[in-house]
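The briefing below describes the fold, the core and the helix packing of the structure shown here. The points are grouped by topic and can be read alongside the coordinates.

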Amino acid sequence: MRSCNLIDKIRLLFRKDRESYLCFYAILGFYPHDIRIYRQALLHKSTSLRSEKGRPLNNERLEFLGDAILDAIVGDIVYRHFEGRREGFLTNTRSKIVQRETLNKLAVEIGLDKLVKSSTRTSSHNSYMYGNAFEAFIGAIYLDQGYERCKQFMEEKIFKSYIDLDKMSRKEVNFKSKLIEWSQKNKMEVSFELIEQFLDKDYNPMFHTEVRIAGLSAGKGTGYSKKESQQNAAQAALKKLKSDATFKAEIEAAHLAMQQPEQEEEAPIQPASPLPTDAANTATDTPDTIDTTEPIASTDAIVSMDTTDPVPTDDAATPEEPRQPEETEK
């Protein structure tokens with residue numbers, strides 16, 4: 001390792017961009033071989049830069065790679081540090097280290113936040129931009145100098161200076177609250193359902209929970225209590241939301257489909273045409289609701305009424321007396 005750094009120092013004397021190399025050396029503890037990868041790791045997609053071939057030039061692909069490498073390295077370190085601990089404990093401890101809030105803080109601690117390039121508008125709204133850049137930075141180290149160099153960086157530069165594993169393992173992280181907060185922000189329906197309850201090999205009760213977003217399965221979790229199983233299910237859902245663009249599109253489509261029937265029910269009722277004056281006066285004495293159970297008179301019966309003839313008077317109603325026949329002269 002020392003001989004490599006010595007060679008890199010000699011090469012540095014002949015480089016024009018010495019300041020950039022020295023800047024990265026201060027963060028990494030070693031000199032980059034291909035500095036272009038590290039620069040790309042700090043390019044947010046909002047910069048809208050493109051390569052000579054017209055491809056987008058940002059850190060998203062490096063972020064994907066760094067996420068996988070970081071999971072493996074942190075898992076290795078946690079596994080060796082906590083001997084004999086259960087898989088659930090190890091998984092939770094690792095997740096506390098690789099979650100966005102922790103990576104964001106680490107990026108600021110080592111000075112990556114000052115090197116990230118993005119549009120001004122994006123930097124003020126994207127709270128996880130520095131954490132994403134940290135993952136991309138790990139991906140750059142891996143491509144430039146391999147897995148062992150990545151592990152060396154995490155152990156010597158990160159864990160020794162910024163992470164107390166024992167303290168981190170005791171830290172409470174409420175993934176369920178985070179998921180509910182996300183659902184409220186995005187106006188999505190989230191539910192937790194207990195799928196099954198069973199016994200492990202030592203006859204301890206265990207719970208299996210599924211979390212659903214907009215009616216779609218988003219994650220499942222197992223634990224020795226309902227609360228623990230819900231936390232693990234919520235954690236799986238948050239990870240899926242972060243990494244699975246197809247799933248995000250599916251729940252958005254399901255959410256829109258659920259809203260359409262509600263919009264149809266809430267459609268405004270068209271006002272009825274105004275009544276004639278006489279009918280309006282009559283309507284004021286009638287109740288607001290109509291009893292539709294009573295039969296309504298047939299319109300044919302109403303039309304058949306002859307309203308043109310005058311109503312007979314009392315005189316006209318009296319029958320005439322029959323006339324006496326006139327007597328003829330004999």
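The protein has 16 helices and three strands, where helices (H or I, at least four residues) and strands (E, at least two) are DSSP runs, numbered from the N terminus. This is a predicted model, in which local features need pLDDT of at least 70 and side-chain atom pairs count only at pLDDT 80 or more, whereas totals for chains, interfaces and linings use all residues. Residues are numbered from 1 along each chain as its sequence is written, and side-chain values use heavy atoms, with hydrogens and water left out.

**Overall burial and contacts**

- Of the 330 residues in the protein, 33% are buried, a term that means under 20% relative accessible area, with exposed over 50% and partly exposed in between (1.4 Å probe, protein chains only).
- The protein exposes about 23,400 Å², and carbon and sulfur atoms supply 51% of this area; accessible areas come from the Shrake-Rupley method with a 1.4 Å probe, and for residues only the protein chains shown count as cover.
- Among contacts with a separation of 6 or more, 55% are between residues 24 or more positions apart, a contact being heavy atoms within 4.5 Å.

**Nonpolar cores**

- The largest nonpolar core has 45 residues, and those with the most contacts inside it are Phe134, Phe137, Ile138, Ile141, Phe153 and Met154; such a core is a set of buried Ala, Val, Leu, Ile, Met, Phe, Trp, Tyr and Cys residues joined through side-chain atoms within 4.5 Å.
- At least two residues of this core come from each of helix H2 (18-28), helix H3 (35-41), H4, H5, H6, helix H8 (129-145), H9 and H10, and the largest share, eight residues, is that of H8.
- Leaving aside residues up to four places away in sequence, Phe134 touches Leu70, Leu103, Leu106, Ala107, Ile110, Leu112, Phe153, Met154 and Ile158.
- A second, separate core of 15 residues includes Met188, Ala214, Ala234 and Ala254.

**Packing around H8**

- The axes of H8 and H9 come within 7 Å and cross at roughly 135°, where axes are lines fitted to C-alpha atoms, for helices over the stretch in contact, and angles run from 0 to 180 degrees between N-to-C directions.
- H8 and H9 are therefore oblique to each other, since angles under 35 degrees count as roughly parallel, over 145 as roughly antiparallel, 65 to 115 as roughly perpendicular and the rest as oblique.
- Phe134, Ile138, Ile141, Tyr142 and Gln145 of H8 meet Tyr147, Arg149, Cys150, Phe153, Met154 and Ile158 of H9.
- The axes of H6 and H8 also come within 7 Å, but cross at roughly 80°, which makes H6 roughly perpendicular to H8.
- On the H6 side, Arg100, Leu103, Asn104, Leu106, Ala107, Val108 and Ile110 meet Met129, Tyr130, Gly131, Asn132, Phe134 and Glu135 in H8.

**Helix H5**

- Within H5, the buried residues are Phe89, Leu90, Asn92, Thr93, Ser95, Lys96, Ile97 and Val98.
- Their cover includes helix H4 (60-81), helix H6 (100-110), helix H9 (147-162), helix H10 (165-170), helix H11 (175-186) and helix H12 (226-243).

**Individual residues**

- His255 is found in helix H13 (residues 245-265) and, at 14% relative accessibility, counts as buried.
- Not counting residues up to four places away in sequence, His255 touches Asn186, Lys187, Met188 and Ala214.
- Tyr31, in the loop between H2 and H3, is buried, with a relative accessible area of 6%.
- Tyr31 and Tyr21 are ten residues apart along the chain, and their C-alpha atoms are separated by 6.4 Å.
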